[in-house]
Amino acid sequence: MKELVEVIAKSLVNNPSSVVVEEEITGTTTVLRLHVASEDMGKVIGKQGRIAKAIRTVLKAVATRESIKVVVEIV
């Protein structure tokens with residue numbers, strides 16, 4: 001799932017080399033922290049958070065198949 005977030009984020013930003021995804025697994029919960037350059041933050045979040053919500057929706061669909069919970073934090 002870490003790779004999926006990385007691919008999605010790199011396709012959205014102007015500076016793909018600054019995209020970093022940290023993964024922390026605790027039991028059945030996975031926390032993914034997405035770090036992007038400050039000038040690309042708006043592109044990842046989108047108007048009224050629509051893009052961030054879409055990213056979270058895609059990951060929840062993948063997580064449901066694997067019976068885990070996923071939390072995406074955009075830092």
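Guide: Let us begin with glutamate 73, which is partly exposed in this predicted model, its relative accessible area being 32%. The side chain of glutamate 73 meets that of arginine 33 in a salt bridge, with 3.1 Å from N to O. Arginine 33 belongs to strand β2 (residues 29-35), whereas glutamate 73 belongs to strand β3 (residues 69-74), so the pair ties together parts that are 40 residues apart in sequence.

Arginine 33 has a further partner. A salt bridge also links arginine 33 to glutamate 24, and here the closest N and O atoms are 3.0 Å apart. Arginine 33 is itself partly exposed, at a relative accessible area of 22%; for glutamate 24, likewise partly exposed, the value is 36%. Through salt bridges that share partners, Glu24, Arg33 and Glu73 are joined into one network.

The count of salt bridges in the model comes to three, and one of them remains to be described. Lysine 10 pairs with glutamate 6, the closest N and O atoms lying 3.2 Å apart. Lysine 10 and glutamate 6 are four residues apart in helix α1 (residues 2-12), and therefore about one helical turn separates them. Lysine 10 is partly exposed, with a relative accessible area of 35%. Glutamate 6 is partly exposed as well, with a relative accessible area of 24%.

Definitions and conventions:
Residues numbered from 1 in each chain as written. Predicted model: local features only at pLDDT ≥ 70, side-chain atom pairs only at ≥ 80, totals over all residues. Heavy atoms only, no water. Salt bridge = Lys/Arg side-chain N within 4 Å of Asp/Glu carboxyl O. Helix = DSSP H or I, 4+ residues; strand = E, 2+ residues; numbered from the N terminus. Buried < 20%, exposed > 50% of the residue type's maximum accessible area, 1.4 Å probe, protein only.
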